[in-house]
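Have the structure open while you read.

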Amino acid sequence: MATSPTNSAMEAFVARRSPAFLLSSHSSLRSPSSVIRRCRVSFSSFPSRSLPRSRSPQPFHHRTLPPHPFSYGNRNLCMALQSRTNPVAGTPTKDDELFLRTMISGMEKVYLSRNPTAKAILELVRKDDGDHICYDHFAFRTFGVDGYGIDSMAKIFLYFGYKPREELRFPAKKLKALWFAPPDTGYSENGTGVHGPLPRIFISELLVDQLSYQSQEVIRKYIKGHGYEHAALASTLGCLTWEKPSYSDYQLLSRESEYAAWTLVNGYALNHVTISTHRLKSHIRKIDSFNQYIEANGFKLNSEGGILKVSPDSLLLQSSTVADTISFDFADGVTESAPCSYIEFAERLLLPEYKNIPDEEVKEFHRRDGFEVGNADKIFESTSRDQVTRKSA
């Protein structure tokens, strides 16, 4: 895996290429190094990643976003965001693409540092299949309250040319989600990982106003101020944008919404990355074979609704591991395990009109695109207590 730029190089690059809404006009902030210094974290110690509000990275200026969260049906949010962020039009420039890939590489680094299962599986696949791993999508979780929802994380991707697609609803879980298609960057067909095809982005949010009064109060106790402006930075550096939660608050949320409890502890961290199995070259490119391969190597897969999740049209096939757990030091002195993230696998089959295309001519646009509510609903369970504590078959 390619190494990331040094801090000094990164700071110079950020100063030159950062979107305007990520930088402050405050005269005392002469360079983005202040952001890095203020948000310096140790990825080897998960409990230390909370970023107190009193030390929020100052270069974010609250007047760069509207005072209230966006309201949207399907795409009103995205249209509003695009008009406010002045996104890259058409294909990103080389520098734009470099900044975008540097950002998602940082998100991946934090993700791999916290989730040994994902790191081990990526290494295993590379060992047996070669360096052919491409990411289908990156997924994030958010709180739909006071600007902290989908829009907070979507903004940076919209700026760099991502396009909004379908909205998905999950009434039983009190969730909604929106996914974004990547821009055409003219990447090399030989690129892999974060240096290959840009991933789709899947962002979900908890409909906080549909929770009980007690759960809403807990969430609002932490989720206030303008921390939502730091979403992309927090994900890249491994910070929370609110105070470290207490175990009692975490337990209260867990009883009503495990999604809420997960988000309170993990914040804007990558919830999962997804390997495109059909882009692999060996026999494990078929997801059934891939699942057998993963289980044979001792990894536990999410069994909710069956190991393999299949869309109604049978063209989108998905599976995932269960989440890793980590020892978390809560604010009230309790140390307990909490679920982190997991890794997903997806095979997108050819659309009916392209089923006779020779294998060597098949491109990604010939395959089933988008997401499926039924599949995603079961994949969400990868962080549930039932799956995390379930013994392997």
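## Salt bridges overall

Searching the whole structure turns up 17 salt bridges, each one a side-chain nitrogen of Lys or Arg within 4 Å of a carboxyl oxygen of Asp or Glu. Keep in mind that this is a predicted model, where local features need pLDDT of at least 70, side-chain atom pairs count only at pLDDT 80 or more, and totals for chains, interfaces and linings use all residues. Residues are numbered from 1 along each chain as its sequence is written, and side-chain values use heavy atoms, leaving out hydrogens and water.

Glu97 and Arg101 form a salt bridge, with their closest N and O atoms 2.8 Å apart. They sit 4 residues apart in helix 4 (residues 94–114), so about one helical turn separates them; helices here are DSSP runs of H or I with at least four residues, strands are E runs of at least two, and both are numbered from the N terminus. Both Glu97 and Arg101 are buried, meaning under 20% relative accessible area, while exposed is over 50% and partly exposed is in between (1.4 Å probe, protein chains only).

Glu364 pairs with Arg200, the closest N and O atoms being 3.6 Å apart. This pair links distant parts of the chain, 164 residues apart: Glu364 is in the loop between strand 10 (342–348) and helix 12 (373–379), and Arg200 is in strand 4 (residues 200–206). Arg200 is buried, at 9% relative accessible area.
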